[in-house]
Amino acid sequence: MTPEIALVIGLVLAAMVIPSAFSDFAARRPPRTTALVALVAGLLVWYALRTVPGGLTLSEIPDAFFDGIGQILH
């Protein structure tokens, strides 16, 4: 898995955690699955940011995200 694909998957999972967390709290359920998905998302983003040679700056993240989408679709 390339760092760009890990970044895409991690950011998409992180975006999906937000509504899931609201749903869990509204239904007064313990957010176990939400916490696990948030952990996986965080680890994927951390992996992506650490394995790119030279690291990624905040301004380079959108380019890496779209490069990852391009790799997935290719």
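Q: Leaving aside its neighbours within four places in sequence, what is Asp24 in contact with?
A: Asp24 is in contact with Arg29, Pro30, Pro31 and Thr34 once those neighbours are set aside, where contact means heavy atoms within 4.5 Å. This is a predicted model, in which local features need pLDDT of at least 70, side-chain atom pairs count only at pLDDT 80 or more, and totals for chains, interfaces and linings use all residues. Residues are numbered from 1 along each chain as its sequence is written, and side-chain values use heavy atoms, with hydrogens and water left out.

Q: And where does Asp24 lie, and is it buried or exposed?
A: Asp24 lies in helix α1, residues 3-26; helices (H or I, at least four residues) and strands (E, at least two) are DSSP runs, numbered from the N terminus. Asp24 counts as buried because its relative accessibility is 8%, given that buried means under 20% relative accessible area, exposed over 50% and partly exposed in between, with a 1.4 Å probe and protein chains only.

Q: Which other residues of α1 are buried, and what covers them?
A: The buried residues of α1 include Pro3, Glu4, Ile5, Ala6, Leu7 and Val8, and also Gly10, Val17 and Ala21. What covers the buried residues of α1 includes α2 (32-51) and α3 (61-73).

Q: How far apart are the end C-alpha atoms of α1?
A: They are 35 Å apart, which agrees with the 34 Å that the 24 residues of α1 should span at 1.5 Å a residue, since the expected span is 1.5 Å times one less than the number of residues. Just after α1, Arg28 takes a positive phi of about 55°.

Q: Switching topic, which residues make up the largest nonpolar core?
A: The largest nonpolar core has 6 residues in all, namely Ala6, Leu7, Leu44, Val45, Ala48 and Ala64. The elements that give two or more residues to this core are α1 and α2, and α2 gives the most, with 3 residues. A nonpolar core is a set of buried Ala, Val, Leu, Ile, Met, Phe, Trp, Tyr and Cys residues joined through side-chain atoms within 4.5 Å.

Q: What does Leu44 touch, not counting residues up to four places away in sequence?
A: Leu44 touches Met1, Ala6, Ile9, Gly10 and Leu13.

Q: How many aromatic pairs does the structure hold?
A: The structure holds 1 aromatic pair, formed by Phe65 and Phe66, which is edge-to-face with 5.5 Å centre to centre and 85° between the planes. Rings of Phe, Tyr and Trp (its six-membered ring) pair if their centres lie within 6.5 Å, and planes under 30 degrees apart count as stacked, over 60 as edge-to-face and the rest as tilted. Phe66 counts as exposed because its relative accessibility is 56%.

Q: And overall, how many helices and strands are there?
A: The secondary structure of the protein chain comes to 3 helices and 0 strands, and buried residues make up 26% of its 74 residues.
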